[in-house]
Amino acid sequence: GYGVTVMLLNAPLPDRVVQNPEPERPNVSIKDLLGTVRLDQSKGEDLLAEKILTAMDDINTQVMLLKIETEVQIRKYKRAVCYEAAALICEDNLDFDTTTNGQSRGENQRAKMQSLRRIVNHMIADLTNRTRNRVKLI
């Protein structure tokens, strides 16, 4: 009985692919998400899939008129979705920690969430050819 538990704990997450609500946009799998961002896998695949879907809606709204066609665009789109999904999970963790000793954990989560969102914004700026908000060194 005991080895079985260990096997289950280390079982790879099924590579569930989340269908994009907009058929011409790329689908994103749980493997894409976990390969892009370090996340607590104990969240379970239902929650991860749900966050990917919510993130797709958010990103689709931000790049509404854009065709995602080239390899590079597809990579950046998927990266934006993955980082947005991770930021959404961070937000959940913020709501979760309301105890006093959760305060510093909450601050860490907030900082992490902001840096994840910054990456999302960079990806979207790249996709839409808007300049990133920072000075380029020449």
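Which residues does Ser 29 touch, not counting residues up to four places away in sequence? The tour returns to this residue once the whole chain has been viewed.

**Orientation**

The model is predicted: local features need pLDDT of at least 70, side-chain atom pairs count only at pLDDT 80 or more, and totals for chains, interfaces and linings use all residues. Residues are numbered from 1 along each chain as its sequence is written, and side-chain values use heavy atoms, with hydrogens and water left out.

Five helices and two strands make up the chain; helices (H or I, at least four residues) and strands (E, at least two) are DSSP runs, numbered from the N terminus. Along the sequence, these elements follow the pattern α-β-β-α-α-α-α.

Next, switch to a surface display. The protein chain exposes about 9200 Å², and carbon and sulfur atoms supply 54% of that area. Accessible areas come from the Shrake-Rupley method with a 1.4 Å probe; for residues, only the protein chains shown count as cover. Of the 138 residues, 33% count as buried, where buried means under 20% relative accessible area, exposed over 50%, and partly exposed in between (1.4 Å probe, protein chains only).

Contacts complete the overview. A contact means heavy atoms within 4.5 Å. Among contacts between residues at least 6 apart in sequence, 65% join residues at least 24 apart.

**Stop 1: Ser 29**

Select Ser 29, which is found in strand S2 (residues 28–29). With neighbours up to four places away in sequence set aside, Ser 29 touches Asp 15, Arg 16, Val 17, Val 18 and Ile 52. Ser 29 counts as buried because its relative accessible area is 6%.

**Stop 2**

Side chains of opposite charge can pair when their charged atoms come close. A salt bridge is here a side-chain nitrogen of Lys or Arg within 4 Å of a carboxyl oxygen of Asp or Glu.

Glu 45 forms a salt bridge with Arg 16, and the closest N and O atoms are 2.9 Å apart. This pair links distant parts of the chain: Glu 45 is in helix H3 (residues 45–62), while Arg 16 is in the loop between helix H1 (2–9) and strand S1 (17–18), 29 residues apart. Glu 45 is partly exposed, at a relative accessible area of 24%.

Arg 16 also forms a salt bridge with Asp 46, with the closest N and O atoms 2.5 Å apart. Because Arg 16 lies in the loop between H1 and S1 and Asp 46 in helix H3, the pair ties together parts that are 30 residues apart in sequence. Arg 16 counts as partly exposed at 31% relative accessibility, whereas Asp 46 is exposed at 55%.

**Stop 3: Lys 51 and Asp 92**

Move along helix H3 and select Lys 51 together with Asp 92. These two residues form a salt bridge whose closest N and O atoms are 2.9 Å apart. The bridge links distant parts of the chain, with Lys 51 in helix H3 and Asp 92 in helix H4 (residues 71–96), 41 residues apart. Is Lys 51 buried or exposed? Lys 51 is buried, with a relative accessible area of 9%, while Asp 92 counts as partly exposed at 31%.

**Stop 4: Lys 78**

Select Lys 78, another position in helix H4. Lys 78 counts as partly exposed, at 25% relative accessibility. Apart from neighbours within four places in sequence, Lys 78 is in contact with Pro 26, Asn 27, Val 28 and Asp 32. Its C-alpha atom is separated by 8.9 Å from that of Met 56, 22 residues apart along the chain.

**Stop 5**

Select Cys 82 and Cys 90. Cys 82 is buried at 1% relative accessible area, and Cys 90 counts as buried at 2%. The count of disulfides (a pair of cysteine sulfur atoms within 2.5 Å) comes to zero.

Finally, select Gln 109 in helix H5 (residues 102–127). Gln 109 touches Cys 90, Asn 93 and Leu 94, not counting residues up to four places away in sequence. The C-alpha atoms of Gln 109 and Leu 94 are 6.4 Å apart in space, and the two residues are 15 apart in sequence. Gln 109 counts as buried because its relative accessibility is 15%.
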